[in-house]
Structures are given as structure tokens and as C-alpha cells.
Amino acid sequence: MPVSYITYELQNGYIHHWLVAGPQSIIFDDPDTLFSADAKLRLAQRYHPENPGITRQPVEPGPLPEAEFTVGGYADGDYTGRWAYSICAEDHFVDGDSLLAFTDPDPVPHYARAWAYIEIEPAPGGPATLVLTTYGPADVWVNDVHCYRNAAFGFHQSSFTVDLTDGHNALLVYFGQIAAGPNKLPHAFALRFADAPGKVDVQLPTIIDDITYRNKLERIFSAAYLDRDVFVWDERPTVHWAESQDAPEDVMIRLQTPSGRIYAESRATAIPGDKWPLVQAHQAPQGPLRILMMPPIKEYYDENTRVRRIVSLWGMGLARYNEVPEGDYAKRRMDALQHAVRCEGHLFGEMAKMALRMWNAVETPVLLQHIERINQHAAGSALHLLGLLGMHYRWGDAPEFPKAFPAIFRTCLLDFAYEAPDNAPESEQILLPTCEILAGQLYPKRKFKRSGQTGEWHVAQGKRRAMAWLRARAMGGFGEWDSGVAFEANLAALAHLIDLVENEALWEMATVVLDKLLFSIALNSFHGVLGGTQGRADAASVLGGWLSPLGGVTRLLWGMGILNPHLAGAVSLACMEDYELLPLLEEVATATPDELWNREQHILTTGDGAHEARSVNKVTYRTPDYLLGSAQDYRPGAAGTHEHIWQATLGPGAIVYTNHPANSGMTEAHAPGFWRGNGVLPRVAQWKDTLIAVYNLPDDDWMGFTHAYFPTTACDAYCVREDAEGHPWAFARKGTGYLALTAAQKFTLATDGPGAYRELRSSGLHNVWLCHMGRAALDGEFEMFQESVLALPVTFNDLAVNLTTLRGETLSFGWEGPLLRNEQPEPLSEFKHYENSYSVTELRAAQMEIRSENYLMRLKLA
């Protein structure tokens, strides 16, 4: 078919419009050797192509066969794929992860490689300088001439010179990445013209006939947006059409799962400024969903106008959030197990079926698939192995237990690697020894393949490691502080240690640490949402408490929370027989004192002589109407990863925080990403209901702004107003809790794009964000709160601020120096381990006493 060309302009020098193919996934034969620098270099050399290997003209597909191609000349064989049109987000990256129809949350270790193609037309031709930014190996060809190669893994930026001819120049980029390990990097690259002989046009080859119609659809789909990330119960996923779009146009909209199962399809009319709702959230499954926008069926399939856009969202299905305590433990336990049973394909759902004696519903293929994924070293293998061990211990002797399971599982256990890698997360360091003990108990005399040692030896080693971890957590706290994903894994491991390990000393210490962990969760939760700072946040839970890995745990233990796709913690606790939840913990979680001011210090690293010990000092301020929590003065200016430094919580969806985005990514591979973590960590200080976050970004910062997550649709009311100096303030109300937020560099509320009605964006490298919290009981009606905040004195000075709080106190804070309250220094470090109205405990204390209104608990930590 004839090829036409669509012309685009560079965006700040970057190529934003590409044809992309892949990614191809190559499963590793031996994932154990992946993580050394030498091994990575060998991988890069093995999978890098010597030549492009593409002989057919790349095109945007009309008829699908015309866009297919085969890449040849690779050491591991040819690859057949199909080109697809891709537009970069504002971070300029071509993101290989976003090209996948389905992203595996627990991927098997593999090498991912992809290709990107475009044609460029300079006026005139001549030498040009390109800058390639990538996280992994990459090659660049211009007109079939190899121009650049990067073989390194990690963030890398290089410039190189190419010779451009008059007319079209074919540009091909190959980019690869290792998809494995706890520190997986994005599979992405960006390409910029730093210097060119003249104006450069981007030319996209296409075989779609009606270019005018195709371009109109692209503009409509690109401008469409959702006004929230998570849809709950009767909320309808709704596509909003931009005011600025072209004239009305008929399109198709589908709501589907990532695997392609369709739950709603509608022929819609895209009218400028209008919207198109789909089914209610409870009519679709719980979990990640996609909205697919495309032309009507005839135009798409018969006339081959294959223009489409996919938007990601989350649906909560039949689950509803409990903000007040509900039911007794027996009922909540049954609810948690029955919910898990409905989670198709989930390993801990199979455990729930066994706990309920639903043997006819147990799916043996699910168990065997998880064994195979463990054998392939898939992410989450330790947690899944623990779940399988729990099933085997509890129900392996039942006559209904799957007959095919024991022999296959024995081979898996004897071949598993129980040694934690040096960079393993803290939670992995208790999962692995727990699995090691349980496996060794099962086969005490058998030799394990990797160590050549007996099960008895593994039991002894696992006990030493587990006890070391338990003692460190008992006396020094949690390095992955208040992390939902880490705490869920910790809870699962502790539940299995307490119930199944044959050692009284481990049982006692595991019980102490479980009590302490649950106290931390109760203390830092608001209506079931672990609502403050986190040492390791996951990409989903920063979008709201509905998606917290502890939503099911808090729903089970004290009746507040939500039964969501995270099952490991809740099901493990629900299956316990040798632990009784203490009523004191439920009392702490559900109490509503007028104010709870909590300070904590947790050890992150112990130091080894060459390196100093590091800790986090954190605070939480909780009232009946909100929670505000933060990590005080935590490594300001350092590169961030998963840290969630502060958050205000007024409800399960009404969460507000600021961060410095490192890119536009929102997957687990992006740490930091758009909302999770920080490219550069801020300096934060909080005094009760007032918080200050100071950002000092480098001159060459990739994104150039900070922003606030401010989900207006989760609030009962919101507005943006200006004070007497013309400075904007964003106000929000949820129930009788209030929030006010401003930035020294001012901000705008996004009303379109991916952050529509949930992003406050503030440009600038130096910035100070200021947050005030309020309550109807103290501040009157919402309008009175607004007027009070707007009348407060506040002075911003580059990287510092002086202000008066709603309670009449003065605060001064900046990038350097102390936090001054009423002109006196307020400590930001060297806190006690816990200091609040329930417990005052020194760091490394031998005993911890927790006292509530009706109960007293003493934990022997030493």
C-alpha cells in the first residue's frame, strides 16, 4: 500500500512521535547470576545487535499485515513483531513498559528489548548533535549507519554527532533492559536534538488512507482525560472531552481488563466539553482496568483506521470502604476469606479456599503455576513460596489436598535459593529465613541442591537469620517505616513463624514483633488508612487508601479498611491459630482523641565501621477529622527512590501530598516516578497541624517542577482562592476535616491531561510548599477556615518561610537551619523510639510499655 507521511514538530528539541515495536521478552536460563556488573555487561553484549536487522519499511498500521516485520541477525534468533504509533509523555521518554498490553505485577526475570523508528527531515542537511538518555543498553542507526552504542545499565546520557542528508533520514533506536530484581529500572529512552543545521521536522510513515480523519481522532483522543485514578462502587469511569477539541465525532469506548476482557462498550459522541460515562465500578472487576478509545467498528476494522488510545485506571469492584468499625472479628475473618476466594488466580485465594474447606473450588493449576514461577525466580517468589508452605503444613494431610502438588513442590523447595541478596528489601530478609526454616522442618535429612546441606542445617541457619531480624526490629524498629507493601510481607512472615515454626524462642520474639508492628499500624492509621509517610511506597497506594496493601488487614483486625487485591497479609492473619489479637491494639486504632501527637525514630542501617548508622525521625498528628504525618529533615537533597515523605489524610481517597517527579511513569519500574517517591528529596518539618516542605532542585532537573496530589473528586468540597497578595491557596474539605495548601512559586490546578482535577503544579527549582490542617470543632465552617488561613501572615524567602499557624504560633524553616517555633528550636532528630500518649519508649530499650484507656501491654524487646 502507498505510504504517506504525517509531519510533527520537535518538543523542546525532543522527538515525541515514534513507531515502536516490542518489547520482546527473553527469559533467562540462570537468573541467579544477573546482578553483578560483569553479568550485566555480558548480557548487553549478548543481546546487542550488530546491525538493524530490519529490511521492511516501518509504517503505522492500517491493514495489520503491512506493519509486521521480522528482525534478523540476532544471536538468539529472529523476532517478528508489529509497529505501533506511540506519543511520548511530557518527560520525553519512549517507555517500553507502557507498550505492554498486560504488565505482570510479579514478572519472571527476563531481558526486554524494543525498537523505535522515525524519519527526520532537516532543512538543510548537515551534521547534527543528538543527546540520548536511557536507563539501559541502546543502539542508534541513522540511514542504516551505526552512530552510537551504550552498553551500561542505569541512568545514562550521552551526545553524539550524525550526518543528515537533505530529505528524509531514517532513524532507528534499539533499547533494552533487565526486568528483574528489587531495583528494576524503566525500559525507556529519550532522544533530543541539541544542535541541527536548521529546522527539523519529524515525519511519521503511515498507510492509513484518510490522514485528515486519522489526525482528528488523534487530537480528540490525546486531549481526552479522566478526572480520577480510582473508581469506587457506583462511580462511573467517565471520559471527558476537552473544550478545545475539534467538532463532534463518533467514537468507540471500551472498558476492559489489561488482558483484554471487555466489560463495557459504547458508541459515543465526542462533543467538546462534554463527557461520556460507562458502567458503574461495581459492574467491573476489582483491580487495574483500561479504557480504550478507538474509531467506530467499521472504520477501525473494515477501513483500517487503526488509531487508538489506552488510559489506565483502577476499579474497586464490589468492595466498599469501611470508615467506621464494623462487625466482630469472626465475621470480618469470614468476609476476608470469602473475598479472597473470589480473587481469581491469586495464590492466597487458594489458601482461603482451603481454610474454608472449599476443596471442590481449589484450582490445582494455580498452585502449579506459582511453583513454576518460583522456579523461574519471578518477583514475589519468597512470598508465594511462604503461601505454598503454609498450605502444605496446614492442609497437606487432608485427603482432598491436590495429589499432584507434594512431589513437584518438594523439588521446588530443595532447589530454592534461600540466601537474601545484598540489596534485598528489609521485608525479604524475614520472608526468606521463614521459608528456609519451614522447608528444612519438612525435609530435615534431605540435602538441598544449592547448599549441599541438610534440612536440619537450613533450619538452624534460618533460625539464626530470623532471630537476628526479629531482634533488630524489636529494638531498632522498621527501616521500611510504615510501608504498606513491606508491612504486608512482614505480617505474612510473622503469621507463619508464629503458627508453624517449631521453636519457642522464635515464637515468643515473633509474637512481640507482631504486636509492635500492629501497634505501629494502629498508631499511624486514620480510618484504616496508613496515612502518613512511608519508607517504601508502592506505585498504586499513593493514589489512595483503597489500594493500600494493608486495606484488607485493617478491615480484618479492627473493621476499618477495604478488601482489595492485596491478600497475603489478611489471609495469613485470618488463618492463624496461635495468636490472639489484643484489644488494646484495636482500641488504639479506633480511638478518636482530640489530638494524638506521635514522634518515632527507626533505624534504617546499623553501620559497619565504614558507614554511619542512619535513621528516620517521623511524626504523626491525628485528630478525629484527619491525619498529617511526615519524615522530618530526611536526607534533603539526596536522590530519592520509593520514599513517601509526607501525606495528609482526610479519607480513603482524600489524600494530599507533594513530591518532585523524576519522570511521567506510574508503574512499579518507576521509582521514583510521577507520584511515587522524589527525584530529589525535600527538607520537611511539621509541627502538629502545620507542615513545610522545601524543595531545592538542581539546575539541570529533568522535569523542572514540583506538584501536589490533590484529588478534588474525593473531597466533599474544594476551591482555589487568592490571598491579599494574589497568592493562590487550594482548600479541601472532607467531612469536618479541612486542608489548605500553597506554594511559594504559586501553582495551577490541572483541568485536563493525565493530572486533571488532581494535580496542583508549581514550576521552579526552588520552592516551598505549606500545608495547614483544620477541623470544624476548632475552625468553624469551611468558609471560616478559608478566611482564617487567607488572613495568616506568611513570608516566603527563596528556600525559607516565616509564618503564623492557625493556633497562633510562629514557625520559621528553610533549607538550612532549625525549625523555629515561637523563635525557639524544635527538634527534628534524635527522637525516642516512640513518644506519644500510649507509649514512651527509648530506642534500643529492653522493654516497651503500651497503655491505653482500658489496657496495658508490656513487650519484652531484648
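A cavity is here a set of grid points where a 1.4 Å probe fits but cannot get out. In this predicted model, a search of the whole structure returned six cavities of 30 Å³ or more.

The second largest cavity has a volume of about 60 Å³. Its lining consists of I374, N375, H377, C412, D415, F416, A417 and R450. Two helices, α6 (364-375) and α8 (405-415), each contribute at least two residues to the lining of the second largest cavity. By residue class, the lining of the second largest cavity comprises four nonpolar, two polar and two charged residues.

For the largest cavity, the computed volume is about 90 Å³. The residues that line the largest cavity are D482, G484, V529, L530, Q534, S541, G544, G545, S548, P549, Q647 and I655. Four of the residues in this lining are nonpolar, seven are polar and one is charged.

Helix α10 (residues 455-476) was examined separately. With 22 residues at 1.5 Å a residue, α10 should span 32 Å, and the value agrees with the model because the end C-alpha atoms of the helix lie 31 Å apart. The buried residues of α10 are G455, H458, V459, Q461, G462, A466, M467, W469, L470, R473, A474 and G476. After α10 comes G477, with a positive phi near 90°.

Conventions
Residues are numbered from 1 along each chain as its sequence is written. This is a predicted model: local features need pLDDT of at least 70, side-chain atom pairs count only at pLDDT 80 or more; totals for chains, interfaces and linings use all residues. Side-chain values use heavy atoms; hydrogens and water are left out. On a 1 Å grid over the protein atoms alone, a cavity is a set of points where a 1.4 Å probe fits but cannot get out, and a pocket is an open set with protein on both sides within 12 Å along at least five of seven lines; lining residues have an atom within 4 Å of a point. Grid points are joined across faces, edges and corners, and a volume is the space filled by probe spheres set on the points. Ala, Val, Leu, Ile, Met, Phe, Trp, Tyr, Cys and Pro count as nonpolar, Asp, Glu, Lys and Arg as charged, and the others, Gly among them, as polar. Helices (H or I, at least four residues) and strands (E, at least two) are DSSP runs, numbered from the N terminus. The expected span of a helix is 1.5 Å times one less than its number of residues. Buried means under 20% relative accessible area, exposed over 50%, partly exposed in between (1.4 Å probe, protein chains only).
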